[in-house]
Amino acid sequence: MIWVLVPIFTPVLGITIGVLAIVWLEREISAGIQQRIGPEYAGPLGILQALADGTKLLFKENLLPSRGDTRLFSIGPSIAVISILLSYLIIPFGSNLVLSDLNIGVFLWIAISSIAPIGLLMSGYGSNNKYSFLGGLRAAAQSISYEIPLTLCVLSISLRAILEAQSKYGFWGWNLWRQPIGFIVFLISSLAECERLPFDLPEAEEELVAGYQTEYSGIKFGLFYVASYLNLLVSSLFVTVLYLGGWDLSIPYIFVPEFFEINKAGEVFGTTIGIFITLAKTYLFLFIPITTRWTLPRLRMDQLLNLGWKFLLPISLDIHDMFPMVTGFMNYGQQTVRAARYIGQSFMITLSHANRLPVTIQYPYEKLITSERFRGRIHFEFDKCIACEVCVRVCPIDLPVVDWKLETDIRKKQLLNYSIDFGICIFCGNCVEYCPTNCLSMTEEYELSTYDRHELNYNQISLGRLPMSVIDDYTIRTILNSPQITSE
């Protein structure tokens, strides 16, 4: 009985590990682009962070909308995940490893992936929420708009035939070089199908809170999260198979089993190498959608539909006829070149940031030496003050409070109390600049947070306390060689 379940759970386990690897890879690449460290505590190098997040969602409470359709609300996430899982049946991971070798493999994938937006639409409708329903409608409209260009980009319907045609000529036989326009159209359409930035309009947080998943929590919310990365992985696998040669290594004059002196009996080794090559190409390609997420802004809904129907669809229709394709590009020539230049410049900026080392300050044990242009807490010397109230007059919000009395015998003011409320102070420095006796000065104390804002109202005793410099504090490690400091 156990051996019957092995062929079922083995692909599921492999796909699960692949999704966990994508989540970890995206977090690491995103952290590199944003100059952060990324996940590092859950397991070695943070590889178990996605598993920890999934476990947390598994034990969270599942909430149901009181006035929604609970059946549609519960079925929607399952349909989204199952429809994408079925797409893995037709992907050839190796020359002898494909779960279901069908002649209509590509069209079956497109047909199955069309079911996922139905699950999103059911989730949005069953939530009885306007934001969720709008997100479901956007998902359906986006899927319909980009499935047609995605279908027209494919040269053949048999994945094995496509791979065999590419393997005849090695590296230069890849469809990436034969159909570069088709590759670009397929890439854009697959990003839209996966609802990745800049095409994540069904779940735009600035407009729809979280789109179709607004009312979800717990494991049902986690299913949408899993479905997104499953779709991203299957799209990258199809790009590898259709345009990057699949399992073919494409190194001239070197055949992997012969290179390792393994005869034809080593079929298992050859299949393993094929799987490794396919997955290596897939995960290298994933760098493009992950980088795109932090490079391009989100499109508007009308821009997304115009791009699909008015630009990608005409190009994909002319993809096998070069002359109409060139004619079509002449109509969109200036806009296309301008957009390509801007996108290229934005990617260069993103990659330049990714090349920098992350700067993380372990506060409060590490502190940056702040630039001189920053102004901290004001220091007050009681003995120098003559109660002239110049600081009050030059303060734009009349903040300093000076309490004095007139000594009639010597005809001079005697200072009683002096206070400044740093919860209101804007640190303009006018009081320091115009003080005639220099009894006020700026310090390097910038940490004025308290639980009660009234504690920020400092009297003359608190203002007279000299702060310890960051450099002189032996309990704190100062950061001197920081890129931000050197650039300033």
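The model is a predicted one. The protein chain has 488 residues, of which buried residues make up 40%, and its secondary structure comes to 21 helices and 7 strands. Among the contacts in the chain with a separation of 6 or more, 77% are accounted for by residues 24 or more positions apart.

- In helix H2, which spans residues 49–58, the buried residues are Ala-50, Asp-53 and Leu-57. Seen down the axis of H2, these buried residues fall within an arc of 60°, so they line one face of the helix.
- Thr-240 belongs to helix H11, which covers residues 218–243, and with a relative accessible area of 0% it is buried.
- When neighbours within four places in sequence are left aside, the residues in contact with Thr-240 are Gly-245, Gly-246, Thr-278, Lys-281 and Thr-282.

**Salt bridges**

- The count of salt bridges comes to 8, and the pairs described below are among them.
- Asp-200 forms a salt bridge with Arg-298, with the closest N and O atoms 2.8 Å apart. Asp-200 lies in the loop between helix H9 (180–193) and helix H10 (205–208), while Arg-298 lies in the loop between helix H14 (287–293) and helix H15 (301–317), so the pair ties together parts that are 98 residues apart in sequence.
- Lys-405 is partly exposed, with a relative accessible area of 42%.
- Asp-421 forms a salt bridge with Arg-453, the closest N and O atoms being 3.9 Å apart. This pair links distant parts of the chain, 32 residues apart, with Asp-421 in strand E4 (residues 412–421) and Arg-453 in the loop between strand E5 (440–442) and strand E6 (457–458).
- Within that pair, Asp-421 counts as buried at 14% relative accessibility, while Arg-453 counts as partly exposed at 43%.

**Cysteines**

- The count of disulfides comes to 0. Cys-388 is in no disulfide, and the nearest cysteine sulfur, which belongs to Cys-435, is 6.0 Å away; a disulfide would require the two sulfur atoms to lie within 2.5 Å.
- Cys-388 counts as partly exposed, at 25% relative accessibility.
- Cys-395 is likewise in no disulfide, the nearest cysteine sulfur being that of Cys-428 at 5.8 Å. Cys-395 is buried, with a relative accessible area of 14%.

**Largest pocket**

- About 1,200 Å³ of space lies in the largest pocket. This pocket is lined by 34 residues, and those closest to its centre are Ile-188, Leu-307, Ala-339, Ala-340 and Ile-343.
- At least two residues of the lining of the largest pocket are supplied by each of H9, H14, H15 and helix H17 (333–354). Of the contributing elements, H17 gives the most to this lining, with 9 residues.

**Cavities**

- The count of cavities of 30 Å³ or more comes to 7, and about 240 Å³ of space lies in the largest cavity.
- The largest cavity is lined by 19 residues, and those closest to its centre are Ala-116, Leu-120, Glu-193, Glu-195 and Asn-231.
- Helix H3 (70–85), helix H5 (116–126), helix H6 (130–152), H9 and H11 are the elements that give two or more residues to the lining of the largest cavity. The element that gives the most to this lining is H11, with 4 residues.

Terms used. Residues are numbered from 1 along each chain as its sequence is written. This is a predicted model: local features need pLDDT of at least 70, side-chain atom pairs count only at pLDDT 80 or more; totals for chains, interfaces and linings use all residues. Side-chain values use heavy atoms; hydrogens and water are left out. Buried means under 20% relative accessible area, exposed over 50%, partly exposed in between (1.4 Å probe, protein chains only). The arc is that of the directions from the helix axis to the C-beta atoms. Contact means heavy atoms within 4.5 Å. A salt bridge is a side-chain nitrogen of Lys or Arg within 4 Å of a carboxyl oxygen of Asp or Glu. On a 1 Å grid over the protein atoms alone, a cavity is a set of points where a 1.4 Å probe fits but cannot get out, and a pocket is an open set with protein on both sides within 12 Å along at least five of seven lines; lining residues have an atom within 4 Å of a point. Grid points are joined across faces, edges and corners, and a volume is the space filled by probe spheres set on the points.
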